[in-house]
Amino acid sequence: MKLVKKSIIRDGEGSVTLVPLTHEDIWHLYNLISVGDAIISKTYRRVKISTSGGGTTTSRKIMNLKVHIKKIEYNPQDSVIRPSGQVIGGNKFVKNGQFHTLTIEVKTRFTLYKSFWDSIAIGRLNLACNPFKTAEIGAVIMSEGLAHICLITDSMTHVKQKIEKSIPKKRRQGPSKRSQELTKFFYHVLDGIKKNIDFEYVKVVILASPGFLIDKFYTFMLKEAQQKDYQFIIDNQKKFMKCHSSSGHIQSLKEILLDEKYSSKLSNLKATEELKLFNTFLELLQNEPDKVVYGFKHVSIANERNIIEKLMVTDSLFRSADLKTRQGYVSLVESVKKKRGKVHIFSSRHSSGEQLQQMSGVVAILNSPITDLESENSDDEYSDELTESEDSDEKDEK
């Protein structure tokens, strides 16, 4: 997504001018644009024009119109969004209050106005405009004195940092000096991981080198994490995958990605992780039902008691046409994050997201059991709105 102009205030009003560049950008926009927003974009409209003879004729005119959004349609096959509503920036051909449907597709420039930019909307905007936020694979390819820290997206590999340091040979300055310099090199690499790899999005970090160098670095990294309480390493230790490479140069990464031994572990990462997490929830629901909750009301009670370990929310909830409902889910997500719970926003385009929607769209795994909740979720004040949201999503997907 190309960000042309941005003027927004968190939890306040503002606008952004955007140009979607890929089909994925259109999906992001579908999750960003809400009923109640306003959009100004170039569009076509058939208008009546007076003729010199006193009659009228119709003509298809191109113009810029500002529309207050009442409805949003999404066509995934053609990657097109059609926001519609009442014109609020009229001209001599179109009066204020008349209805119009805009078309937003790849390369359509438009400006989006929101009266309230919450954290979910800002996060979606940042995710769409920074393609490397969507990178699910990080990589550290190293040899002695050389390291490349990379992020890998569906379309490219981006070298975020190159680290070079001279490491003396054993014969020249002795093993002690060599060990000191190698440790300094490891510190630089660890600092590079900290600066360049966002573990909220990255699901796997490839650690690769010739020989046993990567094993030495991995041991060093875990020791430093324990001593200095580096939670970004401790909490994500399982994401690191040690591999063998022919060198520390970036070309070696291609060898790893093509190696069937590793490539099978890297396929469809996000969807696989979400499916495993939701299956864990289902297993607990069957075997230890006091360790899980679902539905906005019960999840909120668990959050008030500070016992949520993992929160799962479908992105369709943030497309609610009702601002109060949307803000309720946004506040829940923000509160869980502040209490150091893990938040997972599931895509409704994946099977795990569809299953989650059938379970109210919001569920949680708890770090301690909860036993005093009602057995029914029917009194959930958001259940009607959720059903409405799901129905509209199903229509949009068709």
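In this predicted model, four strands make up an open sheet with mixed pairing, ordered β13-β16-β14-β15. The edges are β13 (292-294) and β15 (342-346), each of which pairs on one side only. Going from one strand to the next, the twist averages 15°.

Zoom in on β14 (residues 308-314) and you'll find it running parallel to β15, with five bridges joining the two. One spot to look at is Thr314, which stands opposite Phe346 in β15. There's a helix on this sheet as well: α10 (residues 323-338) packs on it and touches β14, β15 and β16 (362-366). The direction of α10 makes about 150° with that of β14.

Now for the nonpolar cores. The largest has 30 residues, and Met142, Phe185, Val189, Leu207, Phe217 and Met221 have the most contacts inside it.

| Element | Residues |
|---|---|
| β8 | 137-143 |
| β9 | 146-152 |
| α3 | 170-196 |
| β11 | 204-209 |
| α4 | 213-228 |

Which element supplies the largest share of this core? That's α4, with seven residues.

Leaving aside residues up to four places away in sequence, Val189 touches Val140, Met142, Ala147, Ile149, Ile163 and Phe217. There's also a second, separate core of 29 residues; Met1, Tyr30, Ile33 and Leu112 are among them.

Next, a helix pair. The axes of α1 (residues 23-32) and α2 (residues 119-129) come within 10 Å and cross at roughly 170°. Anything over 145 degrees counts as roughly antiparallel, so that is the label for α1 and α2. At the contact, α1 brings Asp25, Trp27, His28, Asn31 and Leu32, while α2 answers with Ala121, Arg124, Leu125, Leu127 and Ala128.

Last stop, the cysteines. How many disulfides does the model contain? The count comes to zero. As for burial, the cut-off is under 20% relative accessible area. Cys150 has 0% relative accessibility, so it counts as buried. Cys243 comes in at 5%, so it counts as buried too.

Terms used: Residues numbered from 1 in each chain as written. Predicted model: local features only at pLDDT ≥ 70, side-chain atom pairs only at ≥ 80, totals over all residues. Heavy atoms only, no water. Pairing = 2+ DSSP bridges. Axes fitted to C-alpha atoms, helices over the stretch in contact; angles between N-to-C directions. Contact = heavy atoms within 4.5 Å. Disulfide = S-S within 2.5 Å. Buried < 20%, exposed > 50% of the residue type's maximum accessible area, 1.4 Å probe, protein only. Core = buried A, V, L, I, M, F, W, Y, C linked by side-chain atoms within 4.5 Å. Parallel < 35°, antiparallel > 145°, perpendicular 65-115°, else oblique.
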